[in-house]
Amino acid sequence: MPLARLILEATERPTDFLMAWSFPVVPFVGLAVTFILYLRGWAVARRTRSNELPPWRAACFTAGVISLWIAIASPVDALDDYLLAAHMIQHFILMSVAPPLLVLGAPTVPLLRGLPRVLILFPAGPLLRARWFRAFTRFVTHPVFGWLAMNIAYLGWHVPTLFELTFKSERVHQFEHLCFLLTSLVFWWVVLAPWPSHRRWPRWTAIPYLLTADIINTVLSATLAFSGKVLYPSYAAAPRITALTPLKDQVAAGAEMWVLNSIVFLIPAVVITMKMLSPKVLREGARLRSEA
């Protein structure tokens, strides 16, 4: 990043990266408009849907927007050219922090209600009623698509050949980030099924859905941690801003991916399991079986 490189050339001290906040205009405008539309729509829809849109949903959406800004504008972004561990933190925010928070905000109705009336009449109204658009949304929110899209993006962009392309082109780097965000939104949409969406598969299927994703994460993380060689040449050639060697940096990146992503996958899997094993759910299941 230009600002990070300028700071590095001037001082070569890691602490200077604490000042390396940037201001990407286009993402800022996009996030600001989305946030304003959401809050406006949430306030309007909450008048009749207070149970579906409690304050904690707005808080989650707000936290998701803030985390996205941290990922793309904070020193985490400034450090990603020099430390793989920082780069993986950025990917973690884009895939495992911001998406579930945004989905927990139940954004569909608030974003639609937040649009100006003229945009609701056209083009939003005709688009939402279009048969092809409904078929498209059903396709992208299917559990199989959500799982495959997120994991293919996760594995694919960490293949050394593709990963190195992000160092050669900022546009490619931004496209990578967009892939991570969009595929992870779909992945977490399946798990959380925010109002007013409905689950396509039974609730228990979210458990293997999450656990198998964690297996993919484990494979990639272990590859980075135990490969014994630097997989990304750009980090081998990057200026050293810490005492970490390129290989130790890669080991640290693999370890943090392993631990942080596993926590994010396993906690909801455990919560779902506990809810399904609760006495109330077990009694309801027994009642349904007896009636059948």
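Which residues line the second largest pocket? Before I answer, a word of care: this is a predicted model, in which local features need pLDDT of at least 70 and side-chain atom pairs count only at pLDDT 80 or more, while totals for chains, interfaces and linings use all residues. Residues are numbered from 1 along each chain as its sequence is written, and side-chain values use heavy atoms, with hydrogens and water left out.

The lining is made by Ser 96, Val 97, Pro 100, Leu 101, Leu 104, Trp 188, Leu 192, Val 264, Ile 267 and Pro 268. The elements that give two or more residues to this lining are helix H5 (84-104), helix H11 (170-192) and helix H14 (246-276), and H5 gives the most, with five residues. A pocket here is an open set of points on a 1 Å grid over the protein atoms alone, where a 1.4 Å probe fits, with protein on both sides within 12 Å along at least five of seven lines, and lining residues have an atom within 4 Å of a point. The volume of the second largest pocket is about 160 Å³, taken as the space filled by probe spheres set on the points.

Stepping back to the whole chain, we find 15 helices and zero strands, where helices (H or I, at least four residues) and strands (E, at least two) are DSSP runs numbered from the N terminus. Of the 292 residues, 43% are buried, and buried means under 20% relative accessible area, exposed over 50%, and partly exposed in between, with a 1.4 Å probe and protein chains only.

Two loop residues show the contrast. Ser 74, in the loop between helix H3 (55-73) and helix H4 (75-79), counts as buried because its relative accessibility is 3%. Leaving aside residues up to four places away in sequence, Ser 74 touches Ala 20, Trp 21 and Trp 69, a contact being heavy atoms within 4.5 Å. Phe 23, by comparison, sits in the loop between helix H1 (2-11) and helix H2 (25-45), and counts as exposed because its relative accessibility is 51%.

Finally, the charges. Side chains of opposite charge can pair when their charged atoms come close. The structure holds one salt bridge, defined as a side-chain nitrogen of Lys or Arg within 4 Å of a carboxyl oxygen of Asp or Glu. Arg 49 forms it with Glu 52, and the closest N and O atoms are 3.4 Å apart. Arg 49 counts as partly exposed because its relative accessibility is 38%, and Glu 52 counts as partly exposed at 23%.
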